[in-house]
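Subject: Structure handover

Hello,

Please find the structure below, with the sequence. My notes on the strands and helices follow it.

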Amino acid sequence: RPVKVIVPFPPGGLTDAYARMYCEQLSRKFGQQFNIENKTGAGGTLGAGEVAKAAPDGYTLVISTSGPLWQAKVLYKKLGYTPVKDFDPVALFPSGALLVAVNANVPARNLRELITFAKTNPTAWGTYGAGSWAHMLGDVLNKTEKLSMVVAHYRGEAPMLVDMIGGQIQVGVGSVQGILPHIQTGKLRAIGATGKVRTPRLPDLTTLVEQGFTAPVYGMEGFLPFAAPVGTPREILDKLSAAVREASVTPQLKGLRDQFGIPNLPMADPAEVRKTWAEDAAEWIALATDLGISLD
């Protein structure tokens, strides 16, 4: 019977792109349909909660940002599921660099200039979701630089970009693929990127770390977890992991990573995935705890 793969965010953006392309490959591999269902709302916790409550039989899966599966543990006081513990990981897809970009009318050309601008001008920092990496970047910047930027949350990257281009918000954080076309048309300007190395799509753009910002959130590597309800048989998880490894080296998936400026392959070795899942979840949860973010 068909497998349901929930993406707890709207169509468009990297998470949805990964899900659609891998589901196409998995459908072909196993000879059964892997159908995407975009179930949005409550920062992705509605969709994640549905997967957490599903039968652990391999027929309900989730591909998400880490927020609903990890950070939600401290972001929400009342959840119908337990982040981290209620899921078994299959693979971890690298999210690549996030770009910090401004509307073309904002004079900043790097993050330090944006800070100077924000001290004397009303400034709104857009994110693609509450509790996301983009949210944490904005909160860290406000806290460390004593700014009072409005951190504006959207249901996904696409609606955020509409408001960035229209000037309703001055700055936002998103994927290379999402922002790059608007840089090329001159509507937006990238002023920095996350991570420890420059993104291949914009090799002249300095990282925030290179610009002198040393808080861990600026250099962290993001993952988009692919997971099943806890208790899913190891045989099923291992079959899915093996299929992800096989699909990852196809021209289609290589093209997707190139498009989004992602140099590294997904993590799909079961032992490595479980180890990284535990370590990175703890790191992101600690960051959310330190910032005191609460979404309910």
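This is a predicted model.

Strand 6 (residues 124-127) runs parallel to strand 8 (residues 171-175), and two bridges join the pair. At one of these positions W125 has V171 of strand 8 as its bridge partner. Two helices pack on the sheet that holds these strands. Helix 5 (residues 133-145) touches strand 5 (98-103), strand 6, strand 7 and strand 8, and its direction makes about 155° with that of strand 6. Helix 7 (residues 176-184) touches strand 5, strand 8 and strand 9, with its direction at about 125° to that of strand 8.

The sheet itself is open, has five strands in the order 7-6-8-5-9, and shows mixed pairing. Strand 7 (150-153) and strand 9 (188-193) are its edges; each has a single partner strand, so one side of each lacks a neighbour in the sheet. From one strand to the next the twist averages 30°.

A further sheet is also open, with five strands in the order 2-1-3-10-4 and mixed pairing. Its edges are strand 2 (34-38) and strand 4 (87-94), and because each has a single partner strand, one side of each is left without a neighbour in the sheet. Here the twist averages 25° from one strand to the next. Strand 1 (residues 3-7) pairs with strand 2 in the parallel sense over five bridges, and I6 is opposite E37 of strand 2.

Helices lie across this sheet as well. Helix 1 (residues 14-30) lies across strand 1, strand 2, strand 3 (60-63), strand 4 and strand 10 (223-229), at about 160° to strand 2. Helix 3 lies across strand 3, strand 4 and strand 10, and runs at about 85° to strand 10.

Helix 3 (residues 66-75) also meets helix 11 (residues 270-291): their axes come within 9 Å and cross at roughly 35°. The crossing is right-handed. On helix 3 the contact is made by L69, W70, Q71, K73, V74 and L75, and on helix 11 by W277, D280, A281, W284, I285, A288 and T289. By class, the residues of this contact are nine nonpolar, two polar and two charged.

Regards

Note on methods
Residues numbered from 1 in each chain as written. Predicted model: local features only at pLDDT ≥ 70, side-chain atom pairs only at ≥ 80, totals over all residues. Heavy atoms only, no water. Pairing = 2+ DSSP bridges. Helix = DSSP H or I, 4+ residues; strand = E, 2+ residues; numbered from the N terminus. Axes fitted to C-alpha atoms, helices over the stretch in contact; angles between N-to-C directions. Contact = heavy atoms within 4.5 Å. Left-handed = near helix turned anticlockwise from the far one by under 90°. Nonpolar A, V, L, I, M, F, W, Y, C, P; charged D, E, K, R; others polar.
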